[in-house]
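Subject: Structure for you to look at

Dear colleague,

Please read them with the structure open beside you.

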Amino acid sequence: MFVQPIFVCYVLALAAVLYIASRPKNEAWNLYLAFILRWSVFIIFTILSLVYVTENTLIAVFLLVYLNTTFNPKPITA
């Protein structure tokens, strides 16, 4: 029951992280913030999925890894 809200919130959190990371004018800070915040959100949502998605934990973690690696920070540096 918690699966869809967790992943929708995860995608929204990634979008928020990329927005926050794009705010500084320095490209080095943009990349640093995008990297640190993205992996922080990943760890938090991995813990949430391990706690609340007990029936398909492995699938949930793979989905989080897939979303984290495909959500590209390219617009930040462009």
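This is a predicted model: local features need pLDDT of at least 70, side-chain atom pairs count only at pLDDT 80 or more; totals for chains, interfaces and linings use all residues.

Residues are numbered from 1 along each chain as its sequence is written, and side-chain values use heavy atoms, with hydrogens and water left out.

The protein has four helices and zero strands, and its pattern along the sequence is α-α-α-α; helices (H or I, at least four residues) and strands (E, at least two) are DSSP runs, numbered from the N terminus. Of its 78 residues, 29% are buried, where buried means under 20% relative accessible area, exposed over 50% and partly exposed in between, with a 1.4 Å probe and protein chains only.

Helix α2 covers residues 27-52, and its 26 residues reach 37 Å from the first C-alpha to the last, close to the 38 Å expected at 1.5 Å a residue; the expected span is 1.5 Å times one less than the number of residues. At the start of α2, a side-chain oxygen of Asn26 comes to within 3.1 Å of the backbone nitrogen of Ala28. The buried residues in α2 are Asn30, Ala34, Arg38, Val41, Phe42, Phe45, Thr46 and Ser49.

For the packing of the helices, axes are lines fitted to C-alpha atoms over the stretch in contact, and angles run from 0 to 180 degrees between N-to-C directions. Angles under 35 degrees count as roughly parallel, over 145 as roughly antiparallel, 65 to 115 as roughly perpendicular and the rest as oblique. A crossing is right-handed if the near helix is turned clockwise from the far one by less than a right angle, and left-handed if anticlockwise.

The axes of α2 and helix α3 (residues 57-70) come within 10 Å and cross at roughly 165°, which makes α2 roughly antiparallel to α3. Their crossing is right-handed, and the α2 residues that meet α3 include Trp39, Phe42 and Leu50, while those of α3 include Ala60, Val61 and Leu64.

Helix α1 (residues 3-21) and α2 have axes that come within 9 Å and cross at roughly 165°, so these two helices are also roughly antiparallel to each other. The residues making this contact include Ile6, Cys9 and Leu18 of α1, together with Leu33, Leu37 and Tyr52 of α2.

Between α1 and α3, the packing angle is about 20° and the axes are 11 Å apart, which makes α1 roughly parallel to α3. This contact is made by Phe7, Tyr10, Val11 and Leu14 of α1 and by Ala60, Leu63, Leu64, Leu67 and Asn68 of α3.

Leu67 in helix α3 counts as buried because its relative accessibility is 17%. Leaving aside residues up to four places away in sequence, Leu67 touches Phe7, Tyr10, Val11 and Leu14. The C-alpha atoms of Leu67 and Phe42 are 9.3 Å apart, although 25 residues separate the two along the chain.

Notes: A polar contact is a pair of N or O atoms within 3.5 Å; within protein, one must be able to donate a hydrogen and the other to accept it, and residues adjacent in sequence count only if both atoms are side-chain atoms. Contact means heavy atoms within 4.5 Å.
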